[in-house]
Amino acid sequence: MHMSTAPKRGMFRGQWYRDLETLPDRGADIEASFATPASRVEPDVQRLRDWPGSYHLFAAKACPFAHRVLLMLAVVPQPALGITYCGPWLGGPEGWSFAPGSAPPVGEDVLWKVYAASDPAYSGRVTVPVLWDNTAGAIASADSLEIMQALAAAYRPEMCPEDAAFAKLCIWIHQHLNIGVYKVGFAADQAAYNAAVDALDSAMDKVAELVASGFAFGTSPTIADLMIFATGIRFDIAYHGAFQILHRRWGGNQTLQQHLERIAALPGVEDTLAFQDYRVHYFDEAGFPVRQPMSTGRYILPRTCDPL
């Protein structure tokens with residue numbers, strides 16, 4: 001399957017580039033450079049539990065991966081963890097920018113400066129969430145699942161069971177559902193789009209089976225349910241149109257919709273929602289083209305429902 005994966009913006013050797021096509025050294029292996037881990041230290045679960053103020057979270061309500069962490073924070077006993085929010089619009093010259101009035105411990109007004117403060121020679125994508133270690137003066141993690149697991153270990157271990165089957169399930173949800181919608185939206189040709197839609201349809205059907213009895217794993221909410229929710233809450237309002245997944249809606253499946261409403265009813269979850277941010281993030285930005293032109297000059301034909 002051909003999916004457009006080349007990074008269009010990010011940092012290279014410590015400098016921010018809105019357009020990586022402007023790099024002075026086009027012979028550089030950008031893809032290899034972008035494999036650089038963002039974290040310089042590891043999250044310390046003991047310190048996160050005993051001294052949460054020694055960490056700071058950079059997040060955006062618009063981003064589904066940052067939202068997973070915000071959901072985790074919503075359902076655990078509220079730690080004194082500082083949070084700096086980015087606005088939803090990625091179309092500015094410096095990428096993720098902090099909301100007006102923010103007072104982050106590092107980074108001034110844009111997220112890429114947080115990455116630069118952690119590693120002055122960093123090359124890679126600049127994404128949320130970021131867990132910043134105030135003590136080490138470095139990024140502890142920029143991986144949403146890792147941050148969720150650290151928070152669960154510190155505050156709600158039952159939400160992340162130590163079970164190989166559960167770990168495998170979380171990886172599957174991430175790869176086939178959370179990333180699956182992006183594979184449709186960023187397909188580079190018709191064949192890739194068709195294959196991605198077929199795979200997403202299968203994934204959504206499997207998720208519906210998983211949550212039919214209430215939750216994805218066991219009899220109570222886990223981080224797997226939060227991962228599913230972060231995609232489900234954006235599906236009809238954003239992915240349906242922005243990624244041209246026009247043949248189905250999340251709300252069109254009663255089981256999926258009931259699970260969505262079940263998680264939304266958990267204490268604190270409603271405060272993490274920002275529907276208008278989702279619209280701005282996915283529709284008001286050139287990075288998420290609603291229609292994808294192919295190399296032939298023609299456009300990918302989205303799958304739609306026949307009227308009869």
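**Exercise 1. Determine how many salt bridges the structure holds, and examine the pair Glu 285 and Arg 9.**

Solution. Step 1: the structure holds 10 salt bridges, a salt bridge being a side-chain nitrogen of Lys or Arg within 4 Å of a carboxyl oxygen of Asp or Glu. The model is a predicted one, in which local features need pLDDT of at least 70 and side-chain atom pairs count only at pLDDT 80 or more, whereas totals for chains, interfaces and linings use all residues. Residues are numbered from 1 along each chain as its sequence is written, and side-chain values use heavy atoms, with hydrogens and water left out.

Step 2: Glu 285 and Arg 9 form a salt bridge through their side chains, at 3.1 Å from N to O. Glu 285 belongs to the segment after α11 (275-283) and Arg 9 to the segment before β1 (10-12), so the pair ties together parts that are 276 residues apart in sequence. Helices (H or I, at least four residues) and strands (E, at least two) are DSSP runs, numbered from the N terminus.

Step 3: Glu 285 is buried, at a relative accessible area of 10%, while Arg 9 is partly exposed at 26%. Here buried means under 20% relative accessible area, exposed over 50%, and partly exposed in between (1.4 Å probe, protein chains only).

**Exercise 2. Locate the partners of the salt bridge between Asp 133 and Arg 47, and state whether each is buried or exposed.**

Solution. Step 1: the side chains of Asp 133 and Arg 47 meet at 2.6 Å, N to O. Asp 133 is in strand β5 (residues 130-133) and Arg 47 in helix α2 (residues 45-50), so the pair ties together parts that are 86 residues apart in sequence.

Step 2: Asp 133 is buried, with 2% relative accessibility. Arg 47 is likewise counted as buried, with 18%.

**Exercise 3. Describe the salt bridge between Arg 303 and Asp 201, and identify the network that contains these residues.**

Solution. Step 1: the closest N and O atoms of Arg 303 and Asp 201 are 3.9 Å apart. The bridge links distant parts of the chain, with Arg 303 in the segment after α11 and Asp 201 in helix α8 (residues 190-210), 102 residues apart.

Step 2: Arg 303 is partly exposed at 27% relative accessibility, and Asp 201 is buried at 15%. One network, joined by salt bridges that share partners, contains Asp 198, Asp 201, Asp 205, Arg 248 and Arg 303.

**Exercise 4. Classify the ring pairs Phe 58 with Phe 98 and Phe 243 with Tyr 282.**

Solution. Step 1: a pair of aromatic rings is described by the distance of the centres and the angle of the planes. Rings of Phe, Tyr and Trp (its six-membered ring) pair if their centres lie within 6.5 Å; planes under 30 degrees apart count as stacked, over 60 as edge-to-face and the rest as tilted. The structure holds 17 aromatic pairs.

Step 2: the centres of Phe 58 and Phe 98 are 5.5 Å apart and the planes stand at 25°, so this pair is stacked. Phe 58 is part of strand β3 (residues 55-59), and Phe 98 of the loop between β4 (82-85) and α4 (112-118), so parts 40 residues apart in sequence are tied together. Both Phe 58 and Phe 98 are buried.

Step 3: the rings of Phe 243 and Tyr 282 have centres 5.8 Å apart and planes at 90°, so this pair is edge-to-face. Phe 243 lies in the loop between α9 (223-242) and α10 (254-264) and Tyr 282 in helix α11, so the pair ties together parts 39 residues apart in sequence. Phe 243 is buried at 3% relative accessibility, and Tyr 282 is buried at 0%.

Step 4: Phe 243 and Tyr 282 are members of one aromatic cluster, which also includes Phe 65, Tyr 182 and Trp 250.

**Exercise 5. State which ring lies under the charged end of Arg 291, and which residue lies over the face of Tyr 85.**

Solution. Step 1: a charge sits over a ring if NZ of Lys or CZ of Arg is within 6 Å of the ring centre and within 35 degrees of the ring normal.

Step 2: the charged end of Arg 291 sits over the ring of Tyr 299, 4.2 Å from its centre. Lys 61 is placed over the face of Tyr 85, at 5.7 Å from the ring centre.
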